[in-house]
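Hello,

Here is the structure I promised to pass on. Please open it first, then read my notes below.

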Number of protein chains: 2
Amino acid sequence: MNIYDIAKEAGVSIATVSRIINNKGNVSPKTQDKVLKVMQDMGYTPNAFARALGLNSIKMVGVLCSDVADKHYAKAVSIIEKELRSNGYDAILCCTGKDLKDKKKAINVLLSKRVDAMILVGSVFQEKDDNSHIKEAAETIPVMIINGTYDYENTYSVSCDEEESVYTCVKKLVEDNHKEILYIYDVESLSGINKKNGYLRGLTESNIPINEQLIVKCDRTLDSVKDAVDRVIENDIQFSAIIAAEDVLAVGAMKSLTKKRIRVPRQVVVVGFNNSVLAECSTPALTSIDNKIEILCESAVKTLLDVFDGKKTKKHQIIKGNIVYRESFVPNKM
Amino acid sequence: MNIYDIAKEAGVSIATVSRIINNKGNVSPKTQDKVLKVMQDMGYTPNAFARALGLNSIKMVGVLCSDVADKHYAKAVSIIEKELRSNGYDAILCCTGKDLKDKKKAINVLLSKRVDAMILVGSVFQEKDDNSHIKEAAETIPVMIINGTYDYENTYSVSCDEEESVYTCVKKLVEDNHKEILYIYDVESLSGINKKNGYLRGLTESNIPINEQLIVKCDRTLDSVKDAVDRVIENDIQFSAIIAAEDVLAVGAMKSLTKKRIRVPRQVVVVGFNNSVLAECSTPALTSIDNKIEILCESAVKTLLDVFDGKKTKKHQIIKGNIVYRESFVPNKM
DNA sequence: TTGAAAGCGCTACCAT
DNA sequence: ATGGTAGCGCTTTCAA
């Protein structure tokens, strides 16, 4: 069944039917009602492909993340999808992994499917050296990145100031007289670097010399963190606080401490990052830095919609994170 | 740039170009090379909308879940997306929530976008009374449900036998001399009912009378579980084991026990369901039933691809779960 | 092996 | 307010 069938049945031209479908006005209420009724009765749905061909838009946005199985990204994708859908757009999900080749491939697939825009979730999509593939993509459609920035035409970004968040956290710890703060991280993505810089600046501004032995890198697995922390302890390196760049890492660290009968938060306080479900569920419950992912994602979609509408928009937005206190660290003066 | 430009540049007709794009054969290698080179040089990408219109397929599959922020569904979606993509299909994600009206709306949107098929993730999509909207959808495109079943033409399913999994778990506990087993659950979806039935059958077949006070319902939040378990303990209802229908519930229960200085697994053993990251991260690490979600999802996509190819396929598949032992319960005879 | 041309179902412009 | 019609870029049939 197509627009011709409806037109014939209603005794009008396809132009009129099209106007009604698209709410273009210039149709008498009477005709409108008649046609609407016919469409209803015949259970007509316009062919999305033909519309897309005519309008050169299928009202879909590509949403890329390295892995939706990761709680953090899942949350983001969930919010983005909801926001898009409530504005009439569908989300095509692409889990790309972290390999640049795969990321490029995904972008090309999306481009060839002619999505209306792309949202890249996470700083993994900001390559350190060459982002020319993004520049190219942005020549066709607007590109939005969450927690990253590109300096190209037709690209947009919404980020949480992670550097500042960790910095603030260090300050809080220092105020509580913690001077040896162990920093645990996994990836060296831009996000990872920002967090670490926040740690370094926090110490520097507090006139605490930086001890490389207190900066520990490991994989994002419980075992890897436990090994790492075990090693620090066995080497007799003193610390009274831990900041982890990811909640999982913080949990792993606490497991190591617990096994060694080191009390959290009595002897060592711990702060995670991302304020994920894990933070609530761990024992003791983890104090964690919240990067306000909801706000980030909502802004991202809103901005994109403005771009679609040809409105002027801020190209780059930065939002501040905040610390959610639980059991593993509560400042004295709270 | 379109197929005409390529045809002109290569000095052939658009029919030939089309044949080459679609690998339809009947083209001399010489022509093929020439055209391919032109396409490459000009950076040509076929217009997906026009193709979709001609082929009446855009190579996309709708993936519905009630909430991707839920780790469990996120995992499933992640696998499905990967599987689809590596077979040339894109995934349109729809997070529907649990409200029937919203689920129907999402299905209609997907139908109107003319996806090639739909995959519904989770038993939330199997309504207890009326699934006629599914029947209707399946008249247009194949519908696959994971952990559920419909009895309609053109519907398919892949499920984990959750009833059997919980049943087996009860048996294991009974073998270890646990007779008072507390069962905690949240939702009464079909999946929820199946699990509970497994619990009931396990007890019945072990000749243990069913004690309604040991069957506890609560919300899927830590506080709700803790309250629920607290109440059981305060009412002096004895139990030496807990089975929870969800890992989060198990974690909440353990938190309650710990606070009351009841040792896990020494005094009470605990088993969760889903074998999620939480299970690894909780303290003590949670023994949990794995529902083999990877296998489920891979089978689902594989089946759908077979349907696309017009191959004969099993309409309904059932896969067995298994228990992953960690700290919160290890059978004596292991 | 190749090409011409008729759709696919819609949008939008130009008449009336 | 309504209708006629030319695209949109591709696939596919039929002829050569």
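**Notes on the structure**

Let me start with one residue. Ile243(A) touches Val166(A), Cys169(A), Ile181(A), Tyr183(A), Tyr199(A) and Val271(A), leaving aside residues up to four places away in sequence. Please keep in mind that this is a predicted model.

Ile243(A) sits in strand β8 of chain A, residues 241-244. Is Ile243(A) buried or exposed? Ile243(A) counts as buried, because it has 29 C-beta neighbours inside 10 Å; the cut-off for buried is 20 or more. Glu136(A) is 107 residues from Ile243(A) in sequence. In space, the C-alpha atoms of Ile243(A) and Glu136(A) are 38 Å apart.

**Where the two chains meet**

Now the contact between chains A and B. On the chain B side, 35 residues are in contact with 34 residues of chain A. Which elements of chain B give two or more residues to that side? They are α4 (48-55), α5 (71-85), β2 (90-95), α11 (247-259) and α12 (277-281). α5(B) gives the most, with seven residues. By class, this side of chain B has 19 nonpolar, six polar and 10 charged residues.

At 1.5 Å a residue, the 15 residues of α5(B) should span 21 Å, and the end C-alpha atoms are 21 Å apart, so the two agree.

**Strand β2 of chain A**

Strand β2(A), residues 90-95, pairs with β2(B). The sense is antiparallel, over three bridges. Ile92(A) stands opposite Ile92(B). Ala91(A) has Leu93(B) as its bridge partner in β2(B).

Within chain A, β2(A) also pairs with strand β1(A), residues 60-65. These two run parallel and are joined by six bridges. One pair to look for is Met60(A) with Asp90(A), its bridge partner in β2(A). With helix α5(A), residues 71-85, β1(A) and β2(A) make a right-handed β-α-β unit.

Why is β2(A) described as largely enclosed by the rest of the structure? Because six of its six residues are buried. Asp90(A), Ile92(A) and Cys94(A) point one way from the strand. Ala91(A), Leu93(A) and Cys95(A) point the other way. All are buried.

**Around the DNA**

Next, the DNA strands. DNA strand C is surrounded by 25 residues. The closest are Asn2(A), Ile3(A), Ala50(A), Gly54(A) and Ala15(B). α4(A) has the largest share, five residues. By class, this surface has 13 nonpolar, 11 polar and one charged residues.

DNA strand D has 26 residues around it. Ser13(A), Ala15(A), Asn2(B), Ile3(B) and Gly54(B) come nearest. Here the elements giving two or more residues are α2 (14-21) and α4 (48-55) of chain A, plus α2 (14-21) and α4 of chain B.

**Backbone points to check**

Cis peptide bonds come next. Thr283(A) and Pro284(A) are joined by a cis peptide bond, with omega about -10 degrees. Pro284(A) lies in the loop between α12 (277-281) and β10 (287-290) of chain A. In chain B, the peptide bond from Val264(B) to Pro265(B) is cis, with omega near 5 degrees. Pro265(B) is in the loop between α11 and β9 (269-273) of chain B.

There are also positive phi values in residues other than glycine. Asn23(A) has phi near 55 degrees. It is in the loop between α2 and α3 (29-42) of chain A. Asn23(A) is exposed, because 8 other C-beta atoms lie within 10 Å; exposed means 12 or fewer. Arg114(A) has a positive phi of about 60 degrees and is not a glycine. Its loop runs between α6 (100-112) and β3 (117-121) of chain A. Arg114(A) is buried, with 21 other C-beta atoms within 10 Å.

Best wishes

Definitions and conventions
Residues numbered from 1 in each chain as written. Chains lettered and ligands numbered in written order. Predicted model: local features only at pLDDT ≥ 70, side-chain atom pairs only at ≥ 80, totals over all residues. Helix = DSSP H or I, 4+ residues; strand = E, 2+ residues; numbered from the N terminus. Contact = placed C-beta atoms within 7 Å. Nonpolar A, V, L, I, M, F, W, Y, C, P; charged D, E, K, R; others polar. Pairing = 2+ DSSP bridges. Right-handed = clockwise from strand over helix to strand, strands pointing away. Near = placed C-beta within 6 Å. Expected span 1.5 Å × (residues − 1).
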